[in-house]
Amino acid sequence: MSESTLSTSARPAPFTVGPRARRLVILVGLALIWESYARWLGNSLLLPSFLETLVALWENLRNGELPERVRASLGILLTGYGIGIGLAAIITALAALSRWGESLLGLLTAMFNPLPAIALLPVALLWFGVGASSLVFVIVHSVLWPLALACHAGFRAVPPTLRMAGRNIGLTGPSYVVGLLIPAALPSILSGLRLGWAFAWRTLIAAEMVFGASAREGGLGWFIFVNRSQLETANVFAGLLTVILIGLAVESLVFATLNRLTVQRWGQEA
């Protein structure tokens, strides 16, 4: 064995940083930038420091207000999100099975997808009054159309040979959608679920601020609205940080786990 071969084999493996460590480093860096800029600005009314925000977050967790607001928001959010997923599944299944269904999906998404969910707040107030039903209505609208488009795009991307193989083994109707199209289009479906989740959060916070102002109740959006009115900026940022932390937790514990157990395990990741 030559000397060059020995030196190459003895060379240590390059140091690599895993994705979780990279994300942690980035988060710590963003927190340091926030803290440094807030201290340089020196105005807690405009921008509280990261440490001041953490103190406000801890105080509101300890007195029970934030957990109660989070519980109220998540209850409404999950209800609207679940209904939106169910409706999107029905519409995209119809579109996959018939030309009439495909035309229906194309027409509905062209009509309603460009319409901001927040623009439906006056209609929701007229139809359902002030309360959870109105919030669920606008959340369903924000989730349904982007998820339906993502699912339909994934279904259309399934190779014709795979479709033909499914037909040849007797898959028709719902079994064709569940047994072939959904597994094959899973990466697109997961992307649509992520997008729908983000849209649902945005809509919920905005809607709660409006409905909360009318009903003197609500979740995280109402918490942010009240503290903004009282110039409690640290509490406002604590509410925003809570939304961010919930989003990170859902992405890490739910969507990443689903992606690992399905898309990565089945070799569908690009």
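## W201 and the nonpolar core

In this predicted model, W201 is in contact with L74, L77, L220, V243 and I246, leaving aside neighbours within four places in sequence. W201 and L220 have the most contacts inside the largest nonpolar core, which holds 56 residues. Helix α7 (residues 132-156) gives the most to this core: 12 residues.

## Aromatic pairs

The whole structure contains 10 aromatic pairs. One of them joins W34 and F237. The geometry is tilted, with 5.9 Å centre to centre and 45° between the planes. W34 sits in helix α2 (residues 19-41) and F237 in helix α12 (residues 233-264), so this pair ties together parts that are 203 residues apart in sequence. Ring pairs also bring in F50, linking W34, F50 and F237 into a cluster.

W127 and F128 form another aromatic pair. The two rings are edge-to-face, 6.4 Å centre to centre, with 80° between the planes. W127 has 60% relative accessibility and therefore counts as exposed. F128, at 41% relative accessibility, counts as partly exposed.

## Packing of α3 and α4

Helix α3 (residues 50-62) packs against helix α4 (residues 65-97) at an angle of about 80°. Their axes are 4 Å apart. The angle makes α3 roughly perpendicular to α4, because 65 to 115 degrees counts as such.

On the α3 side, the contact involves L57, N60 and L61. On the α4 side, E65, L66 and P67 meet them. By type, the residues of this contact are four nonpolar, one polar and one charged.

Note on methods:
Residues numbered from 1 in each chain as written. Predicted model: local features only at pLDDT ≥ 70, side-chain atom pairs only at ≥ 80, totals over all residues. Heavy atoms only, no water. Axes fitted to C-alpha atoms, helices over the stretch in contact; angles between N-to-C directions. Helix = DSSP H or I, 4+ residues; strand = E, 2+ residues; numbered from the N terminus. Parallel < 35°, antiparallel > 145°, perpendicular 65-115°, else oblique. Contact = heavy atoms within 4.5 Å. Nonpolar A, V, L, I, M, F, W, Y, C, P; charged D, E, K, R; others polar. Core = buried A, V, L, I, M, F, W, Y, C linked by side-chain atoms within 4.5 Å. Buried < 20%, exposed > 50% of the residue type's maximum accessible area, 1.4 Å probe, protein only. Phe/Tyr/Trp six-rings, centres within 6.5 Å; stacked < 30°, edge-to-face > 60°.
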